[in-house]
Amino acid sequence: MAAITSSGIGSGLDINNIVKQLVAAERGPVESRLNSKEALIQARLSAFGSLKSSLTNFQSSISSLANPDSFTKRSASIEDPTVFSAAVTELAAPGSYSVEVAQLATRQKIASQAYTDSDTSVGSGDLSFTVNGESFSVTVVDGADSLADIRDAVNSAVDNSGVSASIINDQDGAHLVFSATKTGVENIVNIAVTNGASGDLSQLAFDTSLGTQTSSMVEKTAGLDSIVIVDGFTQTSSNTEIQGMIDGVTLDLKKALPGESFSLNIQIDSRSVKSAIQGFVTNYNSLTTILNDLTAYDPETKTAGLLQGDSATRSVTNQLRREMSTIVSGLGTELDSLAELGITTGENNKLVLDDQQFAAVMSDDFDKLSGIFSSESGYAVRLDSLIENLTASGGILSSRTTGLSSQVERIGEQREALEARIIGIEARYQAQFSALDSLLGQLNSTGDFLTLQLANLPGVVFRNGK
């Protein structure tokens, strides 16, 4: 059975409340100091997280400038993109072309005569299909020689080299249709037949080399090649893709309009490069804003940024500024610095872009931009490498945040030690005040006893009736 503790019986003191207040007085200052210290460390950890995120965002924004291929890209503009589209590589020479899509490639389709329905028997024997020099055969046996049986046998043939079979029903009946799975003249279907013991399977024979077909098979759709005319030159293709007619250009044909020509213009893709360089300036300034805010000091309010005076942050700032102010070596040209592009450093170390100077460089010296940004010592390449090192595991920022995290762990250990100490202090105070309560109780009892004894002594007179 648990012991019943009654505090203050002997003295009348509220011992529990007194102990509680004394313990709170012991705990409060230390706990407040630990809370304040941890809050500051957590805020600084968050600040380093923001800095790392800003560095990573800036690194991502310059990735295209660090790639030499970004400066050799070509773009295509088409008068009517519903007729054809164009994919271009750096091999495409800038220029203008007149393109006519005279014909689109089609898949050949051949159909049988009309039969009563799909279950109608055609006849037994062997069907041999040849497509683009490759052949496969299907054996049709008695009892499994209907239109549906033949269709399924062709479609399931493991060595099928490019024929799809289907049944189409019209007002005359059911027709067995064989379609080439690929477009173009080279993929037309030829069918050789060897009749079996029943029926007349030879009605499915088809030979494009014959001027007149000996069977009832009819070509519903001819297998045609695409025909394209570019500046008076003609090219054909078995599909809707034209490669190599113009170096570095692949045309994807969408619609045939014989006799109509549409312009295709190929130019250097300077627009994306311009956008990337403008983004370089914008994103660097965003990074600078973060650095300025984290390291600022306001003398009026006497408040400092979370990383003001931090050596790691100061090192990051200095390294970035050094890279931005260093010219590009090995170019052998006057265009080897950001200033010559019209990019200078202004107030608060932010970049300022001179639009007129930049436009002149884009117009007159576009071929030199790659060296400034994507050469071995180009700005984008050097900055990419720098940021990679700064944000890497074990880098300067990682080491700093690891140290701060260790401080948070130590504060946790200090809290545990404080709780252990507080338990001991509370127990000591409880014991001391319990002893005091007991002593006061004894003193009170002794006082009452002495008063009683004195009252009983002969000759003792109490005034006022006492």
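Predicted model: local features only at pLDDT ≥ 70, side-chain atom pairs only at ≥ 80, totals over all residues.
Colleague: What is the volume of the largest pocket, and which elements each supply at least two residues of its lining?
Modeller: The volume of the largest pocket is about 180 Å³. Of the 14 residues that line this pocket, those closest to its centre are Met 324, Ser 325, Leu 338, Thr 345 and Leu 351. The lining comprises eight nonpolar residues, five polar and one charged. At least two lining residues each come from α4 and β18 (343-345).

Colleague: Which residue forms a salt bridge with Glu 323, and how far apart are the closest N and O atoms?
Modeller: Glu 323 counts as buried at 18% relative accessibility, because the cut-off is under 20%. Its partner lies in helix α7 (residues 379-391) while Glu 323 lies in helix α4, so the pair ties together parts that are 59 residues apart in sequence. The partner is Arg 382, and the closest N and O atoms are 2.5 Å apart.

Colleague: Is Asp 310, which forms a salt bridge with Arg 44, buried or exposed?
Modeller: The closest N and O atoms of Arg 44 and Asp 310 are 3.4 Å apart. This pair links distant parts of the chain, with Arg 44 in helix α1 (residues 15-61) and Asp 310 in the loop between β17 (303-304) and α4, 266 residues apart. Arg 44 is buried, at a relative accessible area of 18%. With a relative accessible area of 4%, Asp 310 is likewise buried.

Colleague: Which residues are linked in a network of salt bridges?
Modeller: The structure holds five salt bridges. One of them joins Arg 44 to Asp 310. The linked residues are Arg 44, Asp 310 and Arg 400.

Colleague: Which side chain of opposite charge is nearest to Glu 100, and how far away is it?
Modeller: Glu 100 lies in strand β3 (residues 95-103). Beyond four places in sequence, Glu 100 touches residues including Ile 227, Val 228, Leu 257 and Glu 260. Glu 100 is buried yet has no salt bridge. The nearest side chain of opposite charge is 14 Å away and belongs to Lys 255.

Conventions. Residues numbered from 1 in each chain as written. Heavy atoms only, no water. Helix = DSSP H or I, 4+ residues; strand = E, 2+ residues; numbered from the N terminus. Buried < 20%, exposed > 50% of the residue type's maximum accessible area, 1.4 Å probe, protein only. Lys, Arg positive; Asp, Glu negative; His and termini not counted. Salt bridge = Lys/Arg side-chain N within 4 Å of Asp/Glu carboxyl O. Contact = heavy atoms within 4.5 Å. 1 Å grid on protein atoms, 1.4 Å probe; cavity = no way out; pocket = protein on both sides within 12 Å on 5 of 7 lines; lining within 4 Å. Points joined across faces, edges and corners; volume = space filled by probe spheres on them. Nonpolar A, V, L, I, M, F, W, Y, C, P; charged D, E, K, R; others polar.
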